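Hi,

Here is the structure I promised to pass on to you. Have a look at it first, and then read my notes below.

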Amino acid sequence: MERPSQYVPISELGIAVNRFRLVEKKRIVLTTGVFDLLHAGHVGLISRAKEKDDEVLFVGVNSDERARQLKGRGHPIITEALRVVMVAALRWVDVVTTFDGPTPEVLLHRIRPDVYVKGDDYRDKVLPELQELDFSPTLRILSSHPIRTTSIIARAKSAK
């Protein structure tokens with residue numbers, strides 16, 4: 001499957017960051033996730049991640065291996081390549097990339113976003129990826145739809 005035009009490999013993120021930050025004078029917003037079985041919760045978060053006209057949105061999609069580690073056996077249901085295509089198709093997304101690792105720390109270091117967006121399920125949690133940074137992005141916690149991928153899967157299984 002061909003990667004969408006918004007896809008930037010992690011090794012080339014610096015080029016995209018420089019273009020948006022230095023040339024276009026945009027503030028960079030980053031959000032991350034597995035985005036398996038893309039649903040209203042994902043779309044709601046992504047659609048509200050950028051709050052200002054001078055912002056661009058980078059989305060980090062967990063690799064298949066990392067999705068398995070996070071979500072367990074049988075995951076991801078949708079492959080990394082297809083999840084990238086789905087996320088890139090959302091009109092609010094300017095750049096999409098993939099990453100490995102237990103946290104998106106590598107993306108934070110490479111992108112150095114002005115704003116880091118998480119859903120409200122992270123409101124009272126310590127985000128380990130923010131602990132060792134030499135800069136301080138604004139943390140934007142957004143309320144999210146209560147639907148979860150696990151509840152969609154459970155409902156589909158019970159409908160058999």
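Glu80 is found in helix α4, which covers residues 80-88. Keep in mind that this is a predicted model. Is Glu80 buried or exposed? Its relative accessible area is 17%, and because the cut-off for buried is under 20%, Glu80 counts as buried. Leaving aside neighbours within four places in sequence, Glu80 is in contact with Arg3, Ser63, Asp64 and Thr98. Glu80 and Lys52 are 28 residues apart in sequence, and their C-alpha atoms are 29 Å apart in space.

If you set aside residues up to four places away in sequence, His109 touches Glu132 and Leu133. From His109 to Phe99 there are ten residues in sequence and 12 Å in space, C-alpha to C-alpha.

Now for the sheet. In what order do the five strands of the open sheet come? The order is β3-β2-β1-β4-β5, and the pairing is parallel. At the edges are β3 (95-99) and β5 (138-142), each of which pairs on one side only. On average, neighbouring strands of this sheet are turned by 25 degrees against each other, direction ignored.

Gly33, for example, has Val61 in β2 as its bridge partner.

Enjoy exploring!

Technical notes: Residues numbered from 1 in each chain as written. Predicted model: local features only at pLDDT ≥ 70, side-chain atom pairs only at ≥ 80, totals over all residues. Heavy atoms only, no water. Pairing = 2+ DSSP bridges. Helix = DSSP H or I, 4+ residues; strand = E, 2+ residues; numbered from the N terminus. Axes fitted to C-alpha atoms, helices over the stretch in contact; angles between N-to-C directions. Contact = heavy atoms within 4.5 Å. Buried < 20%, exposed > 50% of the residue type's maximum accessible area, 1.4 Å probe, protein only.
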